[in-house]
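This report walks through one protein chain for a reader who has not seen it before. The sequence and structure come first, and the description follows.

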Amino acid sequence: MTKEDILKKHKQYLFPSISTYYTDPLVTDHASMQYLWDTDGKKYLDFFGGIVTISVGHSNPRVTEKIKAQVDKLQHASTVFPNEGIVALAEKLAQITPGEISQTFPSNSGTEANETAVQLARMYTGHFEVVGLRHGYSGRSMLAQSLAGQSTWRKSLPTPAPGFVHALNPYCYRCPLGKTYPSCEVACARDVEAVIQTTTSGQIAAFLAEPIQGVGGFITPPKEYFKIVFKIVKDYGGLFISDEVQTAWGRTGKRWFGIEHWEVTPDIITSAKGLGNGVPIGVTLTRPEIAASFKGLQISTFGGNPVTSVAAKAVIDLIEEDRLMDNAQTVGDYYREGLESLKEKYGMVGEVRGMGLMQAMEFVKDPVSKEPAPASTNQFMEECRKRGLLVGKGGLYGNVIRTSPPLNISKSDVDEAIRIMDQALKALSPAVAGAAGSR
Ligand code: PMP
């Protein structure tokens with residue numbers, strides 16, 4: 001099919017609400033490691049990895065080889081038949097997860113992983129209410145949308161389902177309390193308690209949050225935030241759920257899970273995306289006594305699928321063998337320096353934030369007023385694309401550039417990305433930078 005055929009059929013046969021990037025959508029053809037090619041044969045350095053998902057490079061041959069062998073051997077079993085792939089993966093997960101976490105519920109996506117976690121917390125605690133954070137994103141089911149702290153992602157469910165409340169998020173660049181860190185003494189963390197006391201029955205099933213808010217625009221909390229929140233969650237009888245759909249598998253540098261940077265041991269971890277490096281997978285991970293409370297018959301047709309399980313285990317092994325968590329730290333630090341230098345040069349870059357190889361830039365019309373610059377963000381993406389670089393977007397105001405390259409990129413890839421970003425920023429006309437934008 002030609003590019004035109006694909007776009008025509010996409011329009012004709014897919015739901016129009018499926019959003020695509022760029023005014024001239026990029027139709028993918030093939031990809032290898034950090035590069036992706038479109039149907040016109042144009043090559044891109046991929047610094048978004050299919051929404052924070054390509055952790056060890058597109059079609060990494062060491063993962064693909066294992067997938068191919070498994071497809072030939074056994075492609076599908078369902079959870080009613082145990083298979084070697086899922087137990088090998090679950091055993092590996094038990095070895096790398098923090099604390100006493102050692103049991104896995106396998107599914108197909110981050111949404112399902114979060115659904116499972118909330119159901120589990122309700123069964124374990126006997127409580128119902130769940131606290132999420134403003135600007136959070138947890139998936140697209142009705143439960144997950146109820147957790148979303150962004151109107152953009154709640155169009156089909158304008159009001160959260162009963163039992164979901166939202167606390168202020170630790171967004172220092174735009175402090176919801178108008179304070180400044182550290183003199184604020186992390187006052188936002190106390191809002192979790194205020195929300196529990198004023199908008200719940202006073203006993204919660206869980207608190208669910210991302211160690212760094214992904215779709216929210218890589219909002220990175222101050223180091224004390226989660227420690228304070230953890231204690232509050234425990235005081236009100238809840239489980240602490242770390243949504244690591246974006247932050248796990250070494251993405252944030254040095255550690256397997258983002259939450260480990262915040263020195264909190266969660267009760268439940270959910271993840272997806274980077275674990276499969278492109279194969280659909282979700283996992284809910286917890287301690288045995290919590291897992292034991294998950295009553296009723298539980299089944300998942302594709303959860304624990306032998307092919308996806310083998311792929312995920314291969315991804316973890318590769319991250320370990322090639323010390324990619326260290327690489328994410330070293331190359332991530334180098335990348336961060338490059339982004340900070342862009343901030344020095346261009347007033348439009350209001351803040352650079354993130355950890356490891358999860359780095360973002362928030363674009364503003366003016367560094368003092370901090371008025372969001374969504375139109376310039378779109379234009380920046382177009383300019384990067386023209387020059388062969390793919391980056392993502394996020395943030396409540398659609399003004400945050402999100403980047404999450406494969407964990408095995410090198411400093412020369414970073415040099416190339418920064419060079420292109422520099423040119424793209426230079427190319428943005430003041431007219432565009434000042435214009436109103438849309439998502
Ligand atoms: N949680 C977080 C933090 C996410 O970023 C996402 C997806 N962007 C999800 C949950 C939902 O994952 P999925 O799209 O695989 O259902």
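Which residues of the largest nonpolar core touch the most other members? In this predicted model, they are Phe207, Tyr225, Trp249, Met361, Phe380 and Met421, out of 96 residues in that core. The element that gives the most to this core is helix α10 (residues 306-321), with 8 residues. Because domain 1 (3-59 + 323-438) and domain 2 (74-321) both contribute residues, the core lies between them.

Apart from neighbours within four places in sequence, its contacts are Met361, Phe363, Val391, Ile401, Met421, Ala424, Leu425 and Leu428.

The domain assignment of the protein chain divides it into domain 1 (3-59 + 323-438) and domain 2 (74-321). Their centres, taken over C-alpha atoms, are 25 Å apart. Domain 1 puts 39 residues into the contact and domain 2 puts in 36 residues.

**The sheets**

The chain has an open sheet of 4 strands in the order β11-β12-β15-β14, with antiparallel pairing. β11 (349-355) and β14 (392-394) each have a single partner strand, so one side of each is left without a neighbour in the sheet. On average, and ignoring direction, neighbouring strands here are turned by 25° against each other. Within this sheet, β12 (residues 358-363) pairs with β15 (residues 400-403) over 4 bridges in the antiparallel sense. Gln359 is placed opposite Thr403 in β15. Helix α11 (residues 324-345) lies across β11, β12 and β15, and runs at about 170° to β11.

Another open sheet, also of 4 strands, has the order β1-β2-β3-β13 and mixed pairing. Its edge strands, β1 (28-32) and β13 (389-390), pair on one side only. Strand β3 (residues 43-46) and β13 run parallel and are joined by 2 bridges. Leu45 has Leu389 in β13 as its bridge partner.

| Strand pair | Sense | Bridges |
|---|---|---|
| β12 (residues 358-363) and β15 (residues 400-403) | antiparallel | 4 bridges |
| β3 (residues 43-46) and β13 | parallel | 2 bridges |

**Helix α12**

How many residues does helix α12 have, and what span does it reach? Helix α12 (residues 374-386) has 13 residues and reaches 19 Å from its first C-alpha to its last, close to the 18 Å expected at 1.5 Å a residue. The helix is mostly covered, with 10 of its 13 residues buried. The buried residues of α12 include Phe380, one of the residues that touch the most other members of the largest nonpolar core. Just after α12, Gly388 takes a positive phi of about 90°.

**Thr116**

Is Thr116 buried or exposed? Its relative accessible area is 8%, and because buried means under 20%, Thr116 counts as buried. Thr116 sits in helix α5 (residues 110-125). Leaving aside neighbours within four places in sequence, Thr116 is in contact with Phe105, Thr284 and Phe294.

Methods. Residues numbered from 1 in each chain as written. Predicted model: local features only at pLDDT ≥ 70, side-chain atom pairs only at ≥ 80, totals over all residues. Heavy atoms only, no water. Core = buried A, V, L, I, M, F, W, Y, C linked by side-chain atoms within 4.5 Å. Buried < 20%, exposed > 50% of the residue type's maximum accessible area, 1.4 Å probe, protein only. Domains from an automatic or database assignment. Contact = heavy atoms within 4.5 Å. Pairing = 2+ DSSP bridges. Axes fitted to C-alpha atoms, helices over the stretch in contact; angles between N-to-C directions. Expected span 1.5 Å × (residues − 1).
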